[in-house]
Amino acid sequence: MVQNVASVMAELEPEDFHLLSGVEQGMRFSEYVAREKLTEFSRLTTEDVDYRLDRCADRGLVERKTIQYEGFKLTFEGYDTLALHTFAERDTIEGVGSPLGVGKESDVYEAQSYKPVALKYHREGYTNFREVMKEREYTADRDHVSWLYTARKAAEREYDALETLYPNVSVPQPIDTNRHAIVMEKIDGVELSRTKLETAQVLPILDLVLEEMQTAYREGYVHADMSEYNVFVTNEGVVVFDWPQAVPTDHENARELLTRDVENIVSYFERKYPQEISNVDRDAVAERLATDAFDSITEFTE
Ligand SMILES: Nc1ncnc2c1ncn2[C@@H]1O[C@H](COP(=O)(O)OP(=O)(O)OP(=O)(O)O)[C@@H](O)[C@H]1O
Ligand SMILES: [Mg+2]
């Protein structure tokens, strides 16, 4: 598990960040960055590079490898540190608190700003490889696609979607982004997967979710990972979150992905609330959503 780097931040000196960002720059060209290259990338003296490398390695921010040559790479913790440093410099956040959630491909923490916010670090690097191969922008070493790039790209996509959709769609308000991290409004709610809705709430809540999907489609996006795990139920209604894989509606698979999203969410409701909802025609619902003509799920259930 990736450690919370918040406690390390206070121990770091400006030159440590220069070193880390030197390693980051070097990783555009190779997985490990040779020690000799680091003076150039970090603009530190050879002695300082050695000293800083030890400090950063001791704190788990860089990893050393000595096979053909001695090289260093950032760990996720090292990359987190750089993003956090930027947020602190911009006064986006003042401190990091406890975890809000650990997903397959992210770590989310509560953070302190003028109000509590959510800080999401993307971790896509190891898993979501193929998608990124198609549009990678650099790498000298042709087989090397850095996880830095993959995770950064995922954060960028999620942030772009949030910026487009907020506030017309009920999504967390985007606040800032840097590298693989995004800062957004913290939602006070319970994931749909962990709620047991009252009978009278079932269809209205499903309607709210489908309406958000309809508005998102009108605004140009299909979520493409809709599930009971990516919807919060709050006192005010629902909030749809987790948008890194969102696909623009002009994408060739957009319609198909919309149908799959409908399928995921509708089958969850049918499984969990068979008394209230059954035999929904998914294609018909998706068609309505895509044409901005959806009104209520009651038209589609027995
Ligand atoms: N804005 C937010 N406010 C409060 N909690 C959040 C917020 N965003 C995420 N979380 C918490 O963090 C958890 C993980 O977030 P998210 O679903 O965005 O990423 P993920 O689960 O890694 O993605 P995936 O669904 O691919 O596994 C959520 O289940 C939720 O509990
Ligand atoms: Mg999720």
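At roughly what angle do the axes of helix α9 and helix α10 cross? In this predicted model, the axes of α9 (residues 254-272) and α10 (residues 282-290) cross at roughly 125 degrees and come within 9 Å. Angles of 65 to 115 degrees count as roughly perpendicular and those over 145 as roughly antiparallel, so α9 is oblique to α10. The crossing of α9 and α10 is right-handed. On the side of α9, the contact is made by R255, L258, T259, V262, E263 and V266; α10 contributes R282, D283, V285, A286, L289 and A290.

Apart from its neighbours within four places in sequence, L289 is in contact with L210, M213, Q214, Y217, L258, V262 and F294. In the largest nonpolar core, which has 80 residues, L289 is one of those that touch the most other members, together with V23 and V183. Helix α7 (residues 147-165) supplies the largest share of this core, namely 10 residues.

Attention may now turn to the strands. Strands of a sheet pair through backbone hydrogen bonds, in either a parallel or an antiparallel manner. Here, three strands form an open sheet in the order β1-β3-β2, and their pairing is antiparallel. The edge strands, β1 (33-34) and β2 (62-66), each pair on one side only. Five bridges join β2 to β3 (residues 70-74) in the antiparallel sense, and K65 stands opposite G71 in β3. Helix α2 (residues 14-26) lies across β1, β2 and β3, and runs at about 100 degrees to β3.

How values were computed:
Residues numbered from 1 in each chain as written. Chains lettered and ligands numbered in written order. Predicted model: local features only at pLDDT ≥ 70, side-chain atom pairs only at ≥ 80, totals over all residues. Pairing = 2+ DSSP bridges. Helix = DSSP H or I, 4+ residues; strand = E, 2+ residues; numbered from the N terminus. Contact = placed C-beta atoms within 7 Å. Axes fitted to C-alpha atoms, helices over the stretch in contact; angles between N-to-C directions. Core = buried A, V, L, I, M, F, W, Y, C linked by C-beta atoms within 7 Å. Buried ≥ 20, exposed ≤ 12 C-beta atoms within 10 Å, placed from the backbone. Parallel < 35°, antiparallel > 145°, perpendicular 65-115°, else oblique. Left-handed = near helix turned anticlockwise from the far one by under 90°.
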